[in-house]
Amino acid sequence: MACTGFIPYAGLVFALTAVLAAPLFPWVVIAYLRRRRVAAVLQAYPWNELPCRHQRRVNGSPATVAIPFREDFTAMFRIIPFPVPLALLEDSHPDRIWFAGDPRFGGVVSPVGGHYPVRVVPHTPRREECGGEGFELARRVGLVRGSGKATRT
């Protein structure tokens, strides 16, 4: 260490900083990757304003939102990485939500009225729906893996 002669305890300060910062490194990497995935989804898919239902949360259960895309298809999504209570946020349209993504594999949601985009994944993975139209785009932006399994982060 070249600075140890000029700054007293420089080695000790460096070692303490490394020991205290090292446990946070995985969290920083995960947050960075999640932000990149949200950005990729928002660049590839347009926002759509849709009706929604916020499910009641049992203490400790993941926050879920049901979005009817068609009369015969309603997708249930879990909000990750942390359950954000979208229904409780101050918005003027609690029954409407902005959605960008593929209903089969997840995407990004934000309440109408403003909030930062939040990643959502299917509440129950639907691996049998892999392939078909839109699968390649979902795989490219990170909503689904090549095996057909939806990403959970």
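**View 1. A nonpolar surface patch formed by Tyr9, Leu12, Val13 and Leu16.** In this predicted model, these four residues together have about 450 Å² of accessible area. Accessible areas come from the Shrake-Rupley method with a 1.4 Å probe, and for residues only the protein chains shown count as cover. A patch is made of residues with over 30% relative accessible area and no salt bridge; like charges are joined within 9 Å, and nonpolar side chains (Val, Leu, Ile, Met, Phe, Trp, Tyr) within 5 Å. A salt bridge is a side-chain nitrogen of Lys or Arg within 4 Å of a carboxyl oxygen of Asp or Glu. Leu12 lies in helix H1 (residues 10-21). Helices (H or I, at least four residues) and strands (E, at least two) are DSSP runs, numbered from the N terminus.

**View 2. Arg53 in strand E2 (residues 53-54).** Arg53 is partly exposed because its relative accessibility is 46%; buried means under 20% relative accessible area, exposed over 50%, and partly exposed in between (1.4 Å probe, protein chains only). Apart from neighbours within four places in sequence, Arg53 is in contact with Thr64, Val65, Ala66 and Thr74, where contact means heavy atoms within 4.5 Å. Arg53 and Thr64 are 11 residues apart along the chain, and 8.8 Å separates their C-alpha atoms.

**View 3. The hairpin of strands E6 and E7.** E6 (residues 106-111) pairs with E7 in the antiparallel sense over 3 bridges; two strands pair if DSSP finds at least two bridges between them. Gly107 stands opposite Val120 in E7. Between the strands are 6 residues, and Gly113 in this hairpin has a positive phi near 115 degrees. Strand E7 (residues 118-122) is mostly covered, with 5 of its 5 residues buried.

**View 4. The largest nonpolar core, with 14 residues.** A nonpolar core is a set of buried Ala, Val, Leu, Ile, Met, Phe, Trp, Tyr and Cys residues joined through side-chain atoms within 4.5 Å. Val65, Ile67, Phe77, Ile97, Phe99, Val109 and Val120 have the most contacts inside this core. Strands E3 (64-70), E4 (73-80), E5 (96-102) and E7 each supply at least two of its residues, and E4 gives the most, with 4. Not counting residues up to four places away in sequence, Phe77 touches residues including Val65, Ile67, Phe99 and Val120.

**Notes.** Residues are numbered from 1 along each chain as its sequence is written, and side-chain values use heavy atoms, leaving out hydrogens and water. Local features need pLDDT of at least 70 and side-chain atom pairs count only at pLDDT 80 or more, while totals for chains, interfaces and linings use all residues.
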